[in-house]
Amino acid sequence: MNIETVNQTLSEADCLYDQQQVEAALDKMAAAMTQVLKNSDPLVLCVLTGAIIPAGHLLTRLNFPMQIDYIHATRYAGETSGGELNWQVRPSHPLAGRNILIIDDILDEGITLDAIMAHCRAEGASEVYSAVLVEKQHDRKNGLQADFVGLRTDDRYLFGYGMDYKGYLRNAPGIYAVKGL
Ligand SMILES: O=P(O)(O)OC[C@H]1O[C@H](OP(=O)(O)OP(=O)(O)O)[C@H](O)[C@@H]1O
Ligand SMILES: Nc1nc2[nH]cnc2c(=O)[nH]1
């Protein structure tokens, strides 16, 4: 995409949740996560690239001991429909015996989260929790539900707060749906 197209995509998009609404949702998520996880010494796995922004916002709201690591797994690769999950980086900390918290920007069909949870369990993790900023509502899901969900949206193609449109607009300060998608 050239810069004009990026700017046009943003100006034509529907803002589903503005920055204030997202920040309020992050506050609520963090409170719920604190209740459940405050004594669990979790290893937090941020799912790059999309989780960079929600994880950054969430983790400074969680005031208890934890370690932070990351996974890099992708199945959309700049496209608007997903393919096979491609693991770029697996966590560097051992997972055996650990309570794991996976943070991602969005749960759509659930394939990414399912595969990451399966990996954690196969490595011997104790409890595996998941937190997503957005869950999309449609009937193509694999049945997986995240433990902590910030916001729910219709079945549109989203960007902002970590989510990209063709590699851009992850830094948009709200949750937007691309015009026509
Ligand atoms: O529930 P699913 O249908 O599996 O989709 C959700 C995944 O899609 C996005 O990642 P993407 O593959 O776009 O990579 P990215 O994090 O680099 O944007 C998002 O960050 C989730 O990890
Ligand atoms: N950026 C982005 N990534 C996704 N991965 C799965 N669904 C989406 C979406 O709507 N937007």
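Reply: Here is the ligand site, followed by the chain around it.

This is a predicted model. Start at ligand 1. The shell around ligand 1 holds 17 residues. Those that come nearest are Gly50, Tyr76, Asp108, Glu109 and Thr112. Two elements give two or more residues each to this shell: strand S5, residues 100–107, and helix H4, residues 111–122. S5 supplies the largest share, with 4 residues.

Now step back to the protein. It has 4 helices and 9 strands. Follow the sequence and the pattern reads α-β-α-β-α-β-β-β-α-β-β-β-β. In an unreviewed UniProt entry, residues 14–165 carry the annotation "domain: Phosphoribosyltransferase". That stretch is 26% helix and 31% strand. Its end C-alpha atoms are 13 Å apart.

Next, the overall form. A compact globule of 181 residues would have a radius of gyration near 16 Å, and the protein agrees, because its own value is 16 Å. The C-alpha trace spans about 50 × 35 × 30 Å along the principal axes. Of the 181 residues, 36% count as buried. Contacts also reach along the chain. Take the pairs at least 6 apart in sequence: 67% of these contacts join residues at least 24 apart.

One sheet deserves a look. It is open, has 3 strands and runs in the order S1-S9-S8, with antiparallel pairing. Strand S1 (14–17) and strand S8 (158–159) stand at its edges. Each has a single partner strand, so one side of each is left without a neighbour in the sheet. S8 pairs with strand S9, residues 175–177, over 2 bridges in the antiparallel sense. Within this region, Phe159 stands opposite Tyr176 in S9.

Finally, a loop residue. Thr60 sits between helix H3 (52–59) and strand S3 (67–74). Is Thr60 buried or exposed? Thr60 is exposed, because 10 other C-beta atoms lie within 10 Å, and a residue with 12 or fewer counts as exposed. Thr60 and Val128 are 68 residues apart along the chain. Their C-alpha atoms are separated by 21 Å.

Notes. Residues numbered from 1 in each chain as written. Chains lettered and ligands numbered in written order. Predicted model: local features only at pLDDT ≥ 70, side-chain atom pairs only at ≥ 80, totals over all residues. Near = placed C-beta within 6 Å. Rg over C-alpha atoms; globule rule 2.2 N^0.38 Å. Buried ≥ 20, exposed ≤ 12 C-beta atoms within 10 Å, placed from the backbone. Contact = placed C-beta atoms within 7 Å. UniProt positions renumbered as here; feature names shortened; annotations may be inferred. Pairing = 2+ DSSP bridges.
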